[in-house]
Amino acid sequence: NIKDDLSRRDFTMNAIAYNDNTGYVDCFDGVADINNKLIRSVGNPDKRFNEDALRIMRALRFASVLGFDIEEKTSQAVFDNKGLLSSIAAERIYAELVKLLCGDNCEEVLLKYKEVLAVVIPELKPTFTCTQNSKWHLYDVYTHIVKSVAVSPQKDYIRLAVFLHDIAK
């Protein structure tokens with residue numbers, strides 16, 4: 001049945017159906033979440049992320065591209081389940097990452113979820129605490145990277161290059 005089908009979707013905003021006879025079927029308040037700019041898992045977020053860990057990256061991508069917030073329990077589950085990303089194929093991660101990097105809200109997402117991104121790009125982790133003591137740098141290396149990404153042209157190859165430009169500093 002339709003409710004069972006929708007209950008297996010990742011986020012409430014993706015768990016809405018429509019047909020000409022009944023109109024919208026919104027068993028999980030997806031329309032309200034869209035109106036409130038909120039990303040919320042359908043049901044238990046741990047269960048959703050364990051079914052497909054790529055959903056973690058999708059949540060970050062939606063937050064970046066749409067400018068939505070990730071609901072508290074879903075956000076906590078992103079952090080709690082981040083290790084699952086290590087079993088996802090690199091090309092699937094890449095597809096979500098470049099979209100995330102090109103979002104208008106990428107700066108906020110990259111800063112808040114840096115520990116999650118370090119699972120898929122472990123070389124990022126040392127940049128979190130690497131200070132830059134010069135008159136040309138105001139931030140640690142990771143914050144500098146993120147701020148550089150946020151002001152660079154929204155082309156996937158440019159944003160990816162900028163995201164990785166100081167990774168070995």
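## Basis of the model

The model is predicted, with local features requiring pLDDT of at least 70 and side-chain atom pairs counted only at pLDDT 80 or more, while totals for chains, interfaces and linings use all residues. Residues are numbered from 1 along each chain as its sequence is written, and side-chain values use heavy atoms, leaving out hydrogens and water.

## Overall fold

The chain has 10 helices and four strands, where helices (H or I, at least four residues) and strands (E, at least two) are DSSP runs numbered from the N terminus. Their order along the sequence is α-β-β-α-β-α-α-β-α-α-α-α-α-α. The C-alpha trace spans about 65 × 30 × 25 Å along its principal axes.

Of the 169 residues, 44% are buried (under 20% relative accessible area, with exposed over 50% and partly exposed in between; 1.4 Å probe, protein chains only). Among contacts (heavy atoms within 4.5 Å) with a separation of 6 or more, 65% join residues 24 or more positions apart.

## Helix H6

Helix H6 covers residues 90–101. Its 12 residues reach 16 Å from first C-alpha to last, close to the 16 Å expected at 1.5 Å a residue (1.5 Å times one less than the number of residues). Ile93, Glu96, Leu97, Val98, Leu100 and Leu101 are buried in H6. The buried residues of H6 pack against H4 (54–66), H7 (106–112), H8 (114–120), H9 and H10.

## Packing around H10

H6 and H10 pack at about 90 degrees with axes 9 Å apart (axes are lines fitted to C-alpha atoms, for helices over the stretch in contact, and angles run from 0 to 180 degrees between N-to-C directions). H6 is therefore roughly perpendicular to H10 (65 to 115 degrees; under 35 is roughly parallel, over 145 roughly antiparallel and the rest oblique). Tyr94, Leu97, Val98 and Leu101 in H6 meet Asp156, Arg159, Leu160 and Phe163 in H10.

The axes of H9 (residues 141–151) and H10 (residues 156–164) come within 8 Å and cross at roughly 165 degrees, so H9 is roughly antiparallel to H10. Tyr142, Ile145, Ser148, Val149 and Ala150 in H9 meet Arg159, Val162 and Phe163 in H10.

## Serine 41

Serine 41 lies in the loop between strand S3 (38–39) and helix H3 (45–51). Serine 41 counts as buried because its relative accessibility is 4%. Not counting residues up to four places away in sequence, serine 41 touches Asp10, Phe11, Thr12, Arg48, Phe49 and Thr74.
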